[in-house]
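Please keep the sequence and the model in view while reading.

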Amino acid sequence: MRAIPVLLLAVLCATAHAADNEPLALRPQIERLAADLAAEFSRLCPPAQPGDQAAFDRCRQGLFQDSMLKRNLAPRVLWGRVHKDAGTSLKETTLTQFAPDVLSGLYLPLFMFNGGHAVEYDARESLFLVRMETAFRNRLAPGQFPYPFWHDEAKWNAYQGANSILLWIDPKTVRIKVAQFTDRGTTPSIVSSGPVQQPKFDGKWLWTDPEGRVQPQVTLFDGLFRAGNPYLPKLDGAYKAFALKMRDAQCDSCHVPNNPEGMKRLVLLQTPAHAAGEIERLMKAVREDKMPRDEVGIEQPLEAKLKSALLESGGAFEALVRAAKDWESKGRAQ
């Protein structure tokens, strides 16, 4: 009979210990940040019909430009589904690594927000967690998604049913370190939409539509960089040249959304926008012979001629990406 009070005392002590781990002095700052982010999301990306292209464009442009969201993302932020096992840590969850440009311009605009949010501290992760009420724009044209999410039926269904966005904030930097989506939130989706059945995935991450346009359209910087950006027409050609060299180097065998190597931290390179977000790190890895890796994960230096070609084409693409972003920044500053 005495075991129950002892067990209860142990639970209370554990709860108190977890609470003691929270950096309480930071909670007001985190709560203000969460409220400001929720307000920005609901202003730029309010509830709308899930196929409303104009609403999507406004949200996308607002978040990609000088948004509070973008300023508060870590230099490299992780993104993906919540693990199917709720007890799995972030460390053990497969996530994709993005630059702030990519997450704010291609992924988070696919969601809508009403400002509803909650803040908590997760002692196990040592991170603050902000839960945002949301809904997913599942009725956009296929080229408005950064890649065919329906290549994996479970992934597409999780996107379609999403009712919560999770933002994990590092108390050391007060930056968003991880962002996730889930269809297991405590509130319904803020916009009701029946599921959309997409065509069977044909294995192509880039494709040409009946009008002869390369898709996904959103990955060609369409709607992100201004139409007058002089570097915009050159980026597509530079990426195509770079993509050919990446194919020769077998980069496209690993850095694609279906994650054939089962990497815990996936880096995507299959479209211009994805590659632009990673180009500096990719070039550094090639210069330092950090990639590719063999079947057991050991670094294997590229053959000299192939490495030289990859560095040349990648360097040209890298320079154009930097110039295009500089042009945009100068234009906004004027």
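The model is predicted, so local features need pLDDT of at least 70 and side-chain atom pairs count only at pLDDT 80 or more, while totals for chains, interfaces and linings use all residues. Residues are numbered from 1 along each chain as its sequence is written, and side-chain values use heavy atoms, with hydrogens and water left out.

**The helix pair**

Helix α7 spans residues 232-248 and helix α8 spans residues 272-287; their axes come within 12 Å and cross at roughly 60 degrees. Helices here are DSSP runs of H or I with at least four residues, strands are runs of E with at least two, and both are numbered from the N terminus. The axes are lines fitted to C-alpha atoms over the stretch in contact, with angles from 0 to 180 degrees between N-to-C directions. The helices α7 and α8 are therefore oblique to each other (angles under 35 degrees are roughly parallel, over 145 roughly antiparallel, 65 to 115 roughly perpendicular, and the rest oblique). Their crossing is left-handed, meaning that the near helix is turned anticlockwise from the far one by less than a right angle.

On the α7 side, the contact is made by Y239, F242 and M246, and on the α8 side by P272, A275, I279, L282 and M283; contact means heavy atoms within 4.5 Å. These residues divide into eight nonpolar, no polar and no charged. Ala, Val, Leu, Ile, Met, Phe, Trp, Tyr, Cys and Pro count as nonpolar, Asp, Glu, Lys and Arg as charged, and the others, Gly among them, as polar.

The table lists their accessibility, where buried means under 20% relative accessible area, exposed over 50%, and partly exposed in between (1.4 Å probe, protein chains only).

| Residue | Relative accessible area | Class |
|---|---|---|
| R76 | 29% | partly exposed |
| R226 | 35% | partly exposed |
| T96 | 14% | buried |

R76 is located in strand β1, residues 73-81. Beyond its neighbours within four places in sequence, R76 contacts Q97, F98, A99, K177, G277, E278 and R281. A polar atom of the R76 side chain lies 3.5 Å from the backbone oxygen of G277.

T96 belongs to strand β2, residues 95-98. Not counting residues up to four places away in sequence, T96 touches V77, L78, W79, L266 and L268.

R226 sits in the loop between β8 (214-215) and α7. The side chain of R226 reaches the backbone oxygen of W327 at 3.5 Å.

Note on methods:
Polar contact = N/O pair within 3.5 Å; in protein donor to acceptor, adjacent residues only side chain to side chain.
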